[in-house]
Amino acid sequence: MLKNFFPYEYMDSPFSIDYQKLFDMGFRALIFDIDNTLVPHGAESNAEVDSLFTRLNEIGFKILLLSNNSEERILSFKKNIDALYIAEAGKPDAKNYLKSLEMLGSKKENTLYIGDQLTIDILGANRAGIPNVLVKYVGFGTVKKIGCRRRVENIILKIHSKSKYSHRLGNISIESGAKSVRRRKLFCEMNPFFYWISCQKETLKRHIKNIFTTEKFSREISRERLPNLVSSHHNALIKKGKGIDPVLQENKADNIRLACSKMNGIVIHPGESFSFWKLVGKTSRRRGFKEGRVIENKKLIAGVGGGLCNLGNTIHLLILNSPLTVTEIHHHSDALAPDHGRRIPYSAGTSVSYNNIDFRFKNETDQNVQLLLWCDEENLYGELRSEREYPWTYAITEDGHHFQKEGEKYYRVSKIYKETFDRATNSLLKRELNWDNHSEVMFDYSLIPEDQIGV
């Protein structure tokens, strides 16, 4: 059938893909074609390609090169690249796509294939059931003569653009800072009502998924504190500044207090998972939630239950400074308001929205842990506690923080790392890239410190 030739997404190049967003969506492995995908046919790797693969390894992806070319060609190409490979792959036969999954130790649903030919790369990936992205082949727009196969592929692409199968990954190019292929508006972008319908659909899908999951979620709340403090954090409930509605801020504080009351003291036993929304529940007026600030289609608006991302972010910071495993996280802008005082990495950026955008973590340690969350008039406080001390300590650090202008918009850009230390010796054991931050500035551009622009 024709749909076997349809890619999940069509992008300008592999360099215009937002790989951090892919990682946040749950993808953990990438399979690349080489010739005419990353470089012109037969060309050596270059600085741009080498830099891309270094960044992908830092994010945490497993990578494999799948090529119909010879082993000699692949080894020549990958001399500066850390990646597995399969030569003479026989694409579009699905056999070596499936072998790639075995070598990567990944599943179809968390692996993405990237190639430049519909009739070879994409057809093979679809036969194997692997999500995929088609990129413009190197030289597109400059080569005057193209072969018969490419002409057929162009016709298929025109059909694909009008089909229901386009954008099955949800437009992974957003916030990539690169020009992407022109596309039709998604259903959810057409008007606010359609956006609401899309949210309800995703919420229903989450409810169905929760019914059939075998995952065990934490439910026990204890008023008795566990003895050992693992991490703590506090931040202001009310933001002030130009363009910030004080009423929505007060409502946000009330929403956070209400949500805290539903999870304060929650105990997560070994093997159990924490789910933000399984504890907080639906954010309706009937249940006492008010209108605060929410982000809808990349715009700040008023919405019932708004401001709970602040609470989600606080919990995330507690978990980052522990050995617990984050299993689901979604990001929104880390530049919702100007910084006041010292810049704190992850001062914002964690997104939650009932019930499809959750924050979850799992206790894979050998002891109980407990979350404590409470508020006073001005601040939100959080503590993560355990039965006994862990042998590690943690730090969240940030490199290259600055603001940069892209077109008519400004973005906060930085790389945020989680560092793990041996408690006894204070020696650094591991430094992992946690977030390649590229956040659209949502506040008045005049409030961006001039000394932080383009630095």
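Mentor: Happy to! Let me start with a term: buried means under 20% relative accessible area, exposed means over 50%, and partly exposed is in between (1.4 Å probe, protein chains only). This is a predicted model, in which local features need pLDDT of at least 70, side-chain atom pairs count only at pLDDT 80 or more, and totals for chains, interfaces and linings use all residues. Residues are numbered from 1 along each chain as its sequence is written, and side-chain values use heavy atoms, with hydrogens and water left out.

Now the interior. A nonpolar core here is a set of buried Ala, Val, Leu, Ile, Met, Phe, Trp, Tyr and Cys residues joined through side-chain atoms within 4.5 Å. The largest one has 37 residues, and those touching the most other members are F274, F276, L308, L311, I315, F359 and F361. Two or more residues come from each of α8 (246–261), β8 (266–268), α9 (276–280), α10 (308–320), β14 (369–375) and β15 (379–386); these helices (H or I, at least four residues) and strands (E, at least two) are DSSP runs, numbered from the N terminus. The top contributor is α10, with 8 residues.

Leaving aside residues up to four places away in sequence, F276 touches M263, L308, L311, G312, I315, V352, D358 and F359, where contact means heavy atoms within 4.5 Å. A second, separate core has 29 residues, including L22, F61, I63 and F77. In soluble globular proteins, nonpolar side chains tend to be buried together.

The backbone has some details to check too. Y346 is not a glycine, yet its phi is positive, near 65 degrees. Y346 sits in the loop between β12 (325–328) and β13 (360–362) and is buried, at 0% relative accessibility. N36, also not a glycine, has a positive phi of about 70 degrees. The loop between β2 (29–32) and α2 (47–59) holds N36, which counts as buried because its relative accessible area is 18%. The peptide bond from K91 to P92 is cis, with omega near 15 degrees, and P92 belongs to the loop between β4 (84–86) and α4 (95–104).

Finally, confidence. pLDDT, the predictor's confidence in each residue from 0 to 100, averages 85 over the protein chain, and 84% of the residues score at least 70. Over residues 140–146 pLDDT stays under 50, and the model has 4 contacts there beyond four places in sequence. Residues 173–188 also stay under 50, with 38 such contacts.
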